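My notebook is open and the model is loaded. Here is what I looked up, entry by entry.

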Amino acid sequence: MGIITLLTDFGTVDSYVAEVKAAILSRVPDVTLVDISHDVPPGDIRAAQYLLNRAWKRFPVGTIHLAIVDPAVGTERRALAADAVGHRFLAPDNGLLSFLPPDARFVALPVPRDAAPTFHGRDLFAPAAAALASGNRLDQVGESIQQPHRSPLPTARAQGDGVIGEVLYVDRFGTLVSNIPPEMVEPGVRIRVAGTEVGQLRRTFGDAARGALVAFTGSGGTVEIAVRDGSAARLLGVGVGAEVRA
């Protein structure tokens with residue numbers, strides 16, 4: 001039956017994730033469910049967009065990606081399904097899917113009559129994901145739309161002989177993940193975060209002494225700033241949106 005990935009801000013203390021999975025498995029019991037994360041900060045659409053965009057392309061063609069970070073659940077915001085690059089996506093129309101290419105196809109999903117207005121993840125998105133996993137086409141689960149809401153993550157820009165970017169995400173280790181791709185900088189370039197000198201771009205955090213700041217190209221393909229055996233976010237007192245200069 002294929003793969004459905006799950007990304008939410010529901011956490012794992014309550015039953016919400018289990019109820020979403022139950023709604024899917026009761027319809028397609030043979031599908032494989034893969035958790036990307038359920039620890040997105042509550043209502044943080046930008047973090048959800050970053051995490052989903054980082055993860056989705058690692059999965060095989062045909063995977064369905066269900067992402068629910070939905071602070072406007074139950075309002076007039078649309079619920080979307082999309083098709084792009086051989087993958088399918090389901091998410092609220094709040095910018096979470098802004099990373100999809102311009103030629104992505106989108107449909108608006110109908111709201112079931114009995115859907116709880118505070119839990120579209122279980123009552124709207126999960127059944128739609130199950131329908132796609134069962135072989136339904138995009139146009140069989142929703143009505144085509146042309147202008148989904150797009151709020152793409154900021155990109156780094158060249159300025160003079162350097163590059164200016166910002167922190168897009170802070171992981172659980174306190175690593176500051178920037179939007180500066182390595183192709184925009186020269187080997188050995190020096191990195192500053194919110195005015196603090198970090199030093200030259202290194203190969204890995206293991207190249208720094210314990211407790212020292214270090215900048216390197218992370219596994220997500222952009223410049224990251226960490227503290228060896230510590231937290232860069234805590235040491236520097238900065239987070240998402242902090243300026244990063246190369």
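Entry 1: I take contact to mean heavy atoms within 4.5 Å. This is a predicted model, where local features need pLDDT of at least 70 and side-chain atom pairs count only at pLDDT 80 or more, while totals for chains, interfaces and linings use all residues. Residues are numbered from 1 along each chain as its sequence is written, and side-chain values use heavy atoms, leaving out hydrogens and water.

With that settled, I went to Q159, which sits in strand 8 (residues 157-159). Helices (H or I, at least four residues) and strands (E, at least two) are DSSP runs, numbered from the N terminus. Not counting residues up to four places away in sequence, Q159 touches I164 and R245. Q159 has 40% relative accessibility and so counts as partly exposed. For the scale: buried means under 20% relative accessible area, exposed over 50%, and partly exposed in between, with a 1.4 Å probe and protein chains only.

**Entry 2: aromatic rings.** How many aromatic pairs does a search of the whole structure find? I got six. My rule was that rings of Phe, Tyr and Trp (its six-membered ring) pair if their centres lie within 6.5 Å; planes under 30 degrees apart count as stacked, over 60 as edge-to-face and the rest as tilted.

I looked at F10 and F119: their ring centres are 5.8 Å apart and their planes stand at 85°, so I logged the pair as edge-to-face. This pair links distant parts of the chain, 109 residues apart: F10 is in the loop between strand 1 (3-8) and helix 1 (16-25), and F119 is in the loop between strand 6 (105-108) and helix 3 (120-133).

F119 also pairs with Y16, with centres 5.7 Å apart and planes at 85°, so this pair is edge-to-face too. Here again distant parts of the chain are linked, since Y16 belongs to helix 1 and F119 to the loop between strand 6 and helix 3, 103 residues apart. Is F119 buried or exposed? Its relative accessibility is 10%, so F119 counts as buried, whereas Y16, at 38%, counts as partly exposed.

**Entry 3: helix 1 against helix 3.** These two helices pack at an angle of about 40°, with their axes 8 Å apart. Axes are lines fitted to C-alpha atoms, for helices over the stretch in contact, and angles run from 0 to 180 degrees between N-to-C directions. I noted E19, V20, A23 and I24 on the helix 1 side of the contact, and G121, R122, A126 and A130 on the helix 3 side.

Helix 3 also holds H120, which has 4% relative accessibility and therefore counts as buried. Apart from neighbours within four places in sequence, H120 is in contact with V73, G74, R77, V111, A115 and F125.

**Entry 4: helix 2.** Why do I call helix 2 largely enclosed by the rest of the structure? Because eight of its eleven residues are buried. They are I45, A47, A48, Q49, Y50, L51, L52 and A55. These buried residues pack against strand 1, strand 2 (32-37), strand 3 (64-68), strand 5 (87-92), strand 9 (162-170) and strand 10 (176-178).

I then picked out Q49, which lies in helix 2 (residues 45-55) and counts as buried at 4% relative accessibility. Its side chain reaches the backbone oxygen of S151 at 3.2 Å. I treat a polar contact as a pair of N or O atoms within 3.5 Å; within protein, one must be able to donate a hydrogen and the other to accept it, and residues adjacent in sequence count only if both atoms are side-chain atoms. Beyond neighbours within four places in sequence, the contacts of Q49 include G95, L96, S98, F99, P152 and L153. At the start of helix 2, a side-chain oxygen of D44 comes to within 3.3 Å of the backbone nitrogen of R46.

**Entry 5: helix 5.** Last stop, L235, in helix 5 (residues 232-236). With 53% relative accessibility, L235 counts as exposed. Neighbours within four places aside, L235 is in contact with L213 and V227.
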